[in-house]
Amino acid sequence: MIDMNQIVGSHDIVMITLDTLRYDVAKLEESNCRNLCADGPWEKRHTPGSFTYAAHHAFFGGFLPTPANTDKASHMRLFHTKNTGLKTHPHTWQFDAPDLVSGLAEEGYRTICIGGVIFFTKKNKLAKVLPGYFQESYWRMNFGVTNPRSTEHQVNHALKLLKQADPNERLFLFLNVSAIHGPNHYFLPGGSRKDSIESQRAALRYVDSQLGTLFDALRSRGKTLCLAFSDHGTAYGEDGFDGHRLAHEVVWNVPYREFIL
């Protein structure tokens, strides 16, 4: 069990949201995720939101996906706002700020957002809200869902920032990976124009293959806590449903990992 009071201030913290990744898809590809699952399996959790905008507001408030079980001992929160009157675990780090991101900034962290899907594009006022939590935020067209090399471009931008960063400053780096979000059919050969479980599996394999260089760069800076999870899943015709922003188990069940680099 990670003691966040020992982590905050001594480790870089990286939060990677694998946008729209289903739990069942993640489990099918677990053995192929050599970077994300190098030292352990995916954990099944429940998301606090059924689509990107809602889920990320919860994440930035410190409400990460919760264990998909009734064992209260496994429901320790890593982050919790102060002065709620609620009992917290001794290993939970408490912040006295409106949100987790600014709470970490008050502890001396440099907060960086590398966006992916539409809610991080900053193209209109709504799409500026989530990036607005951060001291620095970045989005380019080639980070978005229509570029089949989006993760490569996002990682390369992160590598540039890490190379320029002061090795003595602590970083909170947030990366919203867009490649798994639809459209993802182009990750399968054969010219299919329809997203599916198989195309999402292929997208996840691509994403994992790109994260190794990022993890190596973070290791070179020192100790890093990595939080990698999906914000929500999506339906591919189950019970007649398609997409997300709906209440179905393929949307609510998400993969989650936390590990030290």
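Predicted model: local features only at pLDDT ≥ 70, side-chain atom pairs only at ≥ 80, totals over all residues.

Student: Let us start with helix H3. How many of its residues are buried?

Tutor: Two terms come first. Helices (H or I, at least four residues) and strands (E, at least two) are DSSP runs, numbered from the N terminus. Buried means under 20% relative accessible area, exposed means over 50%, and partly exposed is in between (1.4 Å probe, protein chains only).
In H3, residues 52-60, seven of the nine residues are buried. They are Thr 52, Tyr 53, Ala 55, His 56, Ala 58, Phe 59 and Phe 60. After H3 comes Gly 62, with a positive phi near 95°.

Student: What covers the buried residues of H3?

Tutor: The cover includes strand E1 (12-18), helix H4 (100-106), strand E8 (171-177) and strand E9 (224-229).

Student: Which residues have the most contacts inside the largest nonpolar core?

Tutor: In soluble globular proteins, nonpolar side chains tend to be buried together. A nonpolar core is a set of buried Ala, Val, Leu, Ile, Met, Phe, Trp, Tyr and Cys residues joined through side-chain atoms within 4.5 Å.
Here the largest one has 41 residues, and Ile 16, Leu 18, Leu 36, Leu 211, Leu 214 and Phe 215 have the most contacts inside it. Elements giving two or more residues to this core include E1, helix H5 (150-164) and helix H6 (197-221). H6 supplies the largest share, 10 residues.
Take Leu 211: leaving aside neighbours within four places in sequence, Leu 211 is in contact (heavy atoms within 4.5 Å) with Ile 16, Asn 35, Leu 36, Val 155 and Leu 175. Another core, of 33 residues, lies apart from the largest one, and Phe 95, Val 101, Phe 174 and Phe 229 are among its members.

Student: Is Ser 50 buried or exposed?

Tutor: Ser 50 is buried, because its relative accessible area is 13%. This residue lies in the loop between E2 and H3. Not counting residues up to four places away in sequence, Ser 50 touches His 232, His 244, Arg 245, Leu 246, Val 251 and Trp 252.

Student: And what about Arg 219?

Tutor: Arg 219 sits in helix H6. With a relative accessible area of 42%, Arg 219 is partly exposed. Arg 219 and Ile 260 are 41 residues apart in sequence and 9.4 Å apart in space, C-alpha to C-alpha.

Student: Which residues lie nearest the centre of the largest pocket?

Tutor: Rolling a probe the size of a water molecule over the atoms shows where empty space is left. On a 1 Å grid over the protein atoms alone, a pocket is an open set of points where a 1.4 Å probe fits, with protein on both sides within 12 Å along at least five of seven lines; lining residues have an atom within 4 Å of a point.
The largest pocket is lined by 28 residues, with Ser 74, His 75, Met 76, Arg 77 and Leu 78 nearest its centre. The largest share of this lining, three residues, comes from E12.

Student: What lines the second largest pocket?

Tutor: Its lining has 15 residues, and Gly 116, Val 117, Ile 118, Thr 121 and Val 145 lie nearest its centre.

Key. Residues numbered from 1 in each chain as written. Heavy atoms only, no water.
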